[in-house]
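Subject: Structure handover

Hello,

Here is the structure I promised to pass on. Please open it and keep it beside you while you read the notes below.

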Amino acid sequence: MARLTAARKPPVLHRFEDGSFLSRIGTAEVRIIECEITIATTAGRTRGVYRLATTLLDHRAHPAFELVKLYHERWEVESAYFAIKKSMLGRRVLRARTMAGIAQEVYSLLTVYQVIRIAIATGTGTVPDADPDRASFTIALQAARDQVVQAAGVIADTVIDLVGVIGQAVLDQPMPTRGTSLHAPIRKVRIWHCGSATRSPRPRPTTARSCWMNAADSTGS
């Protein structure tokens, strides 16, 4: 599944019950899904239209509504860059002044980020049906810093605690649930998304169902 540019106007070969339609790009047969997305930021809300193309042609096995939600999850990769730039670096620039030093600093940041994410995943993995999206990276980072600064619990007991201090911290202070509620079919999909990007509003599309997602925690997750 990929997003198409606004300039591309794929032909409508057949419309499906979920509002998506069959089309063709070159020699490839694809299914087009259009959705209206509202981006919520501190600067306000901006509404835009996204046109997604997928090779998953069976609208019953892969409803448009579910694919739009899946694409929304893909956006969350941006939170990784946010966590490194703002939460870890505090928007500071790298200190190194040589190419070798820059490479070492970048890999150090990526390593620490990955270790914290592993701790978060391990902690949430011990709780049935726990949503890792509710684990705050900011809280996990602070717990990790406290471990280093205070040298707390640096000597492991004979029994290894898989949750650990970081995992317990994010479990004790989960972020609000990002609610998803379905409404009666009104031929469009709407999603609340929290991010820094803004997009120009475009004409409303024709799609399948209506979905509302609450904005994620803007402090970093």
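Let us start with one side chain. The backbone oxygen of Leu 56 sits 2.7 Å from a polar atom in the side chain of Arg 31. Bear in mind that this is a predicted model.

Arg 31 belongs to strand S4. Is Arg 31 buried or exposed? Its relative accessibility is 0%, so Arg 31 counts as buried. The cut-off for buried is under 20% relative accessible area.

Arg 31 also has a charged partner. It forms a salt bridge with Asp 18, and the closest N and O atoms are 2.9 Å apart. This pair links distant parts of the chain. Arg 31 is in strand S4 (residues 28-41), while Asp 18 is in the loop between strand S2 (14-15) and strand S3 (21-25). The two residues are 13 residues apart. Both Arg 31 and Asp 18 are buried. The two side chains are also joined by a polar contact of 2.9 Å.

Now the other salt bridges. Side chains of opposite charge can pair when their charged atoms come close. How many salt bridges does a search of the whole structure find? The search finds six. Here are two more of them.

One joins Arg 51 and Glu 34, with the closest N and O atoms 3.1 Å apart. Arg 51 lies in strand S5 (residues 44-54) and Glu 34 in strand S4, so this pair ties together parts that are 17 residues apart in sequence. Arg 51 is buried, at 15% relative accessible area. Glu 34 counts as buried too, at 14% relative accessibility.

Another joins Glu 29 and Arg 24, where the closest N and O atoms are 3.7 Å apart. Are these two buried or partly exposed? Glu 29 is partly exposed, with a relative accessible area of 37%. Arg 24 is partly exposed as well, at 39%.

Next, the helices. Find helix H3, residues 99-125. H3 has 27 residues. From its first C-alpha to its last it reaches 38 Å, close to the 39 Å expected at 1.5 Å a residue.

Which residues of H3 are buried? They are Gly 101, Glu 105, Leu 109, Tyr 113, Ile 116, Arg 117, Ala 119, Ile 120, Gly 123 and Thr 124. As you check them, keep one rule in mind. An α-helix has 3.6 residues a turn, so residues three or four places apart point the same way. The cover over the buried residues of H3 includes helix H2 (78-88), helix H4 (137-150) and helix H5 (164-172).

Look at Glu 105 within that list. Its relative accessible area is 15%, so Glu 105 is buried. Leaving aside residues up to four places away in sequence, Glu 105 touches Leu 94, Arg 95 and Ala 96. A polar atom of the Glu 105 side chain lies 3.0 Å from the backbone nitrogen of Ala 96.

Last, H4 and H5. Two packed helices are described by the angle between their axes and the distance between the axes. H4 and H5 pack at an angle of about 145 degrees, and their axes are 9 Å apart. Their crossing is right-handed. On the H4 side, the contact is made by Ile 139, Ala 140, Ala 143, Ala 144 and Gln 147. On the H5 side, Val 165, Ile 166, Ala 169 and Val 170 make the contact.

Best wishes

Terms used
Residues numbered from 1 in each chain as written. Predicted model: local features only at pLDDT ≥ 70, side-chain atom pairs only at ≥ 80, totals over all residues. Heavy atoms only, no water. Helix = DSSP H or I, 4+ residues; strand = E, 2+ residues; numbered from the N terminus. Buried < 20%, exposed > 50% of the residue type's maximum accessible area, 1.4 Å probe, protein only. Polar contact = N/O pair within 3.5 Å; in protein donor to acceptor, adjacent residues only side chain to side chain. Contact = heavy atoms within 4.5 Å. Salt bridge = Lys/Arg side-chain N within 4 Å of Asp/Glu carboxyl O. Expected span 1.5 Å × (residues − 1). Axes fitted to C-alpha atoms, helices over the stretch in contact; angles between N-to-C directions. Left-handed = near helix turned anticlockwise from the far one by under 90°.
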